[in-house]
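Me: I have a model open and would like to talk through how it is put together. Could you take a few questions from me?

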Amino acid sequence: MTPEEQARLDIDKQLTASGWAVQDYARYNAGAAQGIALREVPLKSGRCDYLLLVDRKPVGVVEAKKTGTPLSSISEQSGHYGTKLPDFFAISTQLPFYYESTGVETFFRDERDPEPRSRQVFSFHRPETLAALLAEGSTLRARLAQMPSSHPLLTAGMRACQIEGITNLEQSFAVARPRALIQMATGAGKTYTACAFTYRLIKHAGARRVLFLVDRANLGRQATAEFQHFVTPDTGRKFTEIYNVQHLTSNQLDSVSRVTICTIQRLYAMLRGEEMDEELDEKSGFEVAAALADGCVEPRPRDVAYVPAIPIEAFDFIVTDDCHRSIYNLWRQVLDYFDAFLIGLTATPSKQTIGFFNQNLVMEYNHERAVADGVNVGYEVYRIKTQVTEQGGKVEKGFYVDKRSRETRARRWELLDEDLSYAAQALDRSVVVPSQIRTVLQAFKDALFTELFPGRTLVPKTLIFAKDDSHAEDIVHLVRDVFGKGNDFAKKITYKSYNTETKRYEKSETLIQEFRTSPQLRIAVTVDMIATGTDIKPLECLLFLRDVRSRVYFEQMKGRGTRVLTATDLQAVSGADAHAKTHFLIVDAVGVCESDKTDSRPLERQRSVAFDKLLLGVALGKRDEDTLTTLAGRLARLDRELTAPQREEIAVLARGKTLAQLSAALLGAIDPDKIAATATFIAASENGPCCSGDPVPDPTPEQVEQAREHVVDEACAPFDNPALRDALAKAKQDAEQTIDTVTIDTLTSQGFDPAAKARADGLVQGFRDYIEQHKAEITALQLLYSRPYKQRLTEKMLKELEKKLREQHAAWTEDNLWNAFAAAAPEKVKGRSQAGRFADLVALVRFALEQQPVLEPFAESVTTRFNEWLMDKAKANVTFAPEQLGWLNLIRDHIATSLSIEPDDFDYAPFSQRGGLGKAHQLFGEQLPKLLDELNEVLAA
């Protein structure tokens, strides 16, 4: 099959999936469907690849090209066809809709737009959609261009920052910029602003449906409440009295809702055609993505596919709330899927965020501006240091210590037969020192009504950030003890908050609402549940008993205290002597304000995968070889640690299988021999010998892949059961913590620290400073992280980036940058870049952006991936002759210097000296194009 034929085949499939009846011109049947895609229509000059007809009338053209064809210059050709229709298809006006497609890449434009511009789309629009667009008379982009002047913004009751944000956003819409970013400080009213511009987009621009994406269900409920309470400025009616708003908690879109609020992980599952456990909605997108991606150097998430029930035109606008989170890597596909304007809302934009939104920052309203305007309150830092927190501790042999199960918290005594020494990093992980927590809390209490909040009698609303649920549990009990208060004074708000009165786990919403309004509940302890997004205005104090290495995440956590409220509302929950919320306080007990921060939340880069996340990842479809072998190894280790009751419980949940059997099945799923035997069986059953005694045909590559999927699915099937996953995780968590009741911690210092930094400088040197300080550079950098999901970085793109960097600063050569990093952080630099190796710019930029932990030459990472690829091939019984290996090594070296390889590259040395493209075809046959695509993807990922 030629590349052109393959492209036509792919286009046919996509058109059919989108509801078009694909027909040959000679077999035209006008009554077959509302939308007909007619192939090879003869025109007055030339032929049209596809003519699109809706209700028997021509509405558009599809120009098909072979895969890899640049499409930016093809629009003139497709437009020419639209003016040369045969007389029996002729219309009085120009055809409105034009597509250019290779089957892999598709562009679309509407010639009725004020400035017709091709835009990339995931697939084709449905026929009924094009019919509806024609019936509207004017296009969405035409209406957006007119909206600022024809429908002026009604500003009564709005803050100046909200007016500025909506005005600038609509000006961006007016020139049809596809992505726009609004930065508004926490507490400045981002969601209210979103309600306001959403109302205008629906009423004045005729938007059919707006998608509001959130990170977890709790934030979705919060956004739903905001829409329910939003009063439209022109009618005085509430938004939900005029338009339906759906908070999506199932996989069924409401066809009449104008606003759909949904977690990004749920929409991803819908586009995968999968059901999602409602519990996953309650977890953050970070946690779900981590379960799929953690532990892989180059994770390969499962792609979304076209879903007819959710066409690409399902939404005209997509709003991503707190858009610095969840929109990269795995979830990126959700945004690439829809043909919609993207609007980002965030208080803390990172470099990635700005690049993703094409540097179109329409509103920049940071915390400093918000404080100056009285929209936010500022903060002060109070530092508490203790000896154990800083230095760790030691318990000498001969003392008794407690051993506590993490999960059941059951205790036993143990006599130490050797000294127990632990570092500060082990605190509240493997070792718990109650005295350390108590000392911090006592210092906080002693300073509370003297230094921190003089004149107050009621403890200000305080949120304590803990390391994990077990740590939070310890803190809650010690808070009650230190302050001499009851259970209603301090509570834990995590995913595992248990109510001793009702004997059940409480919903986080109930506890959060109680914390907002109850005068009795003064201190809440959390891990991640209310670290971001959740609105608790009376908060006046944040106490950090955990460090945070993500700049963005830390800024979000600080944002919990910035919100303003009236003196009356504050006094209602904090007493009559709480005259006004003029500032909030950060009590730093771990140096969180002093530690280095990056722009990525560490959860996304965690190399050591938690057992529960590993299990969840397998259930969600993450079944690469590394994941399966890791899980098999952990199950084998766990099998040696189980108690008899645990073995019995797990066997019941696993339908009689032991952990050893589950582990063996996982290892068998990646056994090449087992896969080959299964493939042979499939081949025999599908196209076996015609006569008895004839040899069984060799399985095809498709049958081998089918066999691999079969054995993997069979091995992973038990883990679909959430009860089994929970039981395994519980058994694993029954490991013990040491409770050091011997060490008595001492306070080393406490007091306000004016020099404490909100974020650490990290590796402060020229290149990183340049990235952070010069926005002009972002345009080039966005080529690295603001590309369509399946598009790879090319040599041309990188040379453009290199050129723009050099134009800004002549000293930014690869050699100079490499030497600077090696001098600043030698422990993080592996190897040395070869002089003038321009491809190392990829490694330099990724390292500077904290996208990879170690700086190593790009060629070394390519070699590592190449060797892994060869091993994978060997496991799949794919071998290469010596001459083929020689060519593969040349291809590897070419990618290491030029980022990719194309057939044209074989016309140049060293390939031309060995026979060029002809020799390559002779060695690899018809598999050559597929082989090159595979190597491009694997080696330059």
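Reply: Happy to! Contact here means heavy atoms within 4.5 Å. Keep in mind that this is a predicted model.

Me: Thanks! Which helices are included in what covers the buried residues of H33?
Reply: Start with the residues that need covering: Phe858, Ala859, Ser861, Val862, Arg865, Phe866, Trp869 and Lys873 are buried in H33. Down the axis of H33 they fall within an arc of 155 degrees, so they line one face of the helix. The cover over them includes helices H32 (840-848), H34 (882-898) and H36 (928-939).

Me: Which strands stand at the edges of the open sheet of seven strands?
Reply: Follow the order, which is E10-E11-E9-E12-E13-E8-E14 with parallel pairing. A strand at the edge has a single partner strand, so one of its sides is left without a neighbour in the sheet.

Me: Which residue in E12 is the bridge partner of Val210?
Reply: Strands E9 (residues 210-214) and E12 (residues 317-321) pair in the parallel sense over four bridges. Val210 has its bridge partner in E12, and that partner is Phe317.

Me: Which residues have the most contacts inside the largest nonpolar core?
Reply: That core has 46 residues, and helix H9 (residues 264-271) gives the most to it, with five. Among the residues that Ile318 touches are Leu211, Leu335, Phe338 and Ile343, leaving aside residues up to four places away in sequence. The residues with the most contacts inside the core are Ile318 and Phe338.

How values were computed: Residues are numbered from 1 along each chain as its sequence is written. This is a predicted model: local features need pLDDT of at least 70, side-chain atom pairs count only at pLDDT 80 or more; totals for chains, interfaces and linings use all residues. Side-chain values use heavy atoms; hydrogens and water are left out. Buried means under 20% relative accessible area, exposed over 50%, partly exposed in between (1.4 Å probe, protein chains only). Helices (H or I, at least four residues) and strands (E, at least two) are DSSP runs, numbered from the N terminus. The arc is that of the directions from the helix axis to the C-beta atoms. A nonpolar core is a set of buried Ala, Val, Leu, Ile, Met, Phe, Trp, Tyr and Cys residues joined through side-chain atoms within 4.5 Å. Two strands pair if DSSP finds at least two bridges between them.
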